[in-house]
Amino acid sequence: MAKIAIHGFGRIGRTALKAALRGALWTPTAISDIRDTATFAALFEVDSNYGRWSEPVASDEQSLTIGGRTIAYINTSQSLPDWGALGVDLVIDCTGHAVTRAGAQAHIDHGAGRVLVSAPSRTLDDCDAVLLGGINLDQFDPAKHRIVSMASCTTNALAPVIAVVRQHFGIETGFFSTVHAYTNSQSLTDQPMKERRDSWAATENIIPSSSGAARALQFIWSDLKVTGKAYRVPVRTGSIAEVNLLISRQTSADEIKAVFRQAASEPPLKGVMDVLEEGWPSSRIVGDTHSSIVDLPLVAVQGGNLVSIAAWYDNEWGFSTRLAEVAAYLAAGAHP
């Protein structure tokens with residue numbers, strides 16, 4: 001059985017572990033971070049977005065115990081663990097600091113077989129591949145891909161929409177906007193921040209932001225001419241991305257809806273993408289495991305070739321579920 005470790009036990013690291021345990025995908029050999037285990041155990045047990053974990057959670061200085069599973073904890077305030085000594089095949093880096101090759105390579109230098117980065121690598125040179133569940137995971141090459149980026153939650157929400165439209169209609173160009181829950185990069189109260197717009201209270205403002213999803217999508221489809229932006233809004237989780245595309249042939253809203261219904265019902269997108277037939281708000285999709293949930297009542301077509309498609313996504317749970325699944329898939333590959 002391949003050994004997986006989690007480095008960085010914040011929002012995504014904790015949620016990815018919950019997804020892995022719920023799906024019986026894997027139990028980590030070790031978790032590493034810089035805070036105390038008692039706080040991490042408390043945060044894992046009771047979550048503001050998803051409620052109480054269904055099993056007992058306990059800790060001591062060197063481990064977390066979740067429902068009888070004892071998981072080693074390593075404090076990395078001084079240095080990374082010796083992954084080689086632990087026999088770790090795959091490290092999931094959830095710190096947000098492995099977006100450069102040097103940051104990810106450090107895990108391999110400490111003996112890890114492979115690294116899965118839970119964030120968009122800055123450039124294609126900063127990773128060996130960008131692989132998304134349901135999109136291009138079949139391109140995984142165990143011999144070549146030791147540093148793999150899974151991009152962002154928004155990239156994972158948009159990619160199924162882009163893939164389906166490219167396959168059935170072709171894409172000339174387009175724009176997207178994501179209305180996104182606030183994140184830790186923002187401020188709780190008004191105070192100076194690195195990005196000026198982030199200086200205002202996240203829970204009181206709609207805050208425009210850049211989105212790295214366009215660049216990450218082009219890492220997968222180099223000819224894609226789509227760009228976009230984000231608006232951070234005062235919800236804890238649950239986001240929606242609207243993509244407006246000029247397509248290569250004439251279509252209708254009914255045809256688009258039929259195509260998405262079919263795509264969501266069969267591989268490779270079954271379980272990754274879903275559709276909504278009725279009108280819902282964001283609370284409907286909180287805790288949903290899909291990367292992308294197309295809102296069919298919002299599908300619109302103008303002039304036959306200008307289409308608008310909106311996809312919901314729980315920016316934490318959906319993305320973390322894919323992260324857990326992709327980790328299992330990569331860890332099952334041959335050791336480099």
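**Aromatic contacts in the predicted model**

Phe-9, Phe-40, Phe-44, Trp-53 and Tyr-73 come together in one aromatic cluster. A pair of aromatic rings is described by the distance of the centres and the angle of the planes.

Among these pairs is that of Phe-44 and Trp-53, with ring centres 5.4 Å apart. The planes of Phe-44 and Trp-53 meet at 65°; planes over 60 degrees apart count as edge-to-face, so this pair is edge-to-face. Both Phe-44 and Trp-53 are buried.

A tilted aromatic pair is formed by Tyr-50 and Trp-317, with 4.9 Å from centre to centre and 55° between the planes. This pair links distant parts of the chain, its two residues being 267 residues apart. Tyr-50 lies in the loop between strand 3 (46-47) and strand 4 (51-52), whereas Trp-317 belongs to helix 8 (residues 317-331). Tyr-50 has a relative accessible area of 18%; the cut-off for buried is under 20%, so Tyr-50 is buried. Trp-317, at 3% relative accessibility, also counts as buried.

Charged side chains are also placed over aromatic rings. Phe-44, a member of the aromatic cluster, has the charged end of Lys-18 over its ring, 4.9 Å from the ring centre. For Trp-280, the charged end over the ring is that of Arg-284, at 5.8 Å from the centre.

Conventions:
Residues numbered from 1 in each chain as written. Predicted model: local features only at pLDDT ≥ 70, side-chain atom pairs only at ≥ 80, totals over all residues. Heavy atoms only, no water. Phe/Tyr/Trp six-rings, centres within 6.5 Å; stacked < 30°, edge-to-face > 60°. Buried < 20%, exposed > 50% of the residue type's maximum accessible area, 1.4 Å probe, protein only. Helix = DSSP H or I, 4+ residues; strand = E, 2+ residues; numbered from the N terminus. Lys NZ or Arg CZ within 6 Å of the ring centre and 35° of its normal.
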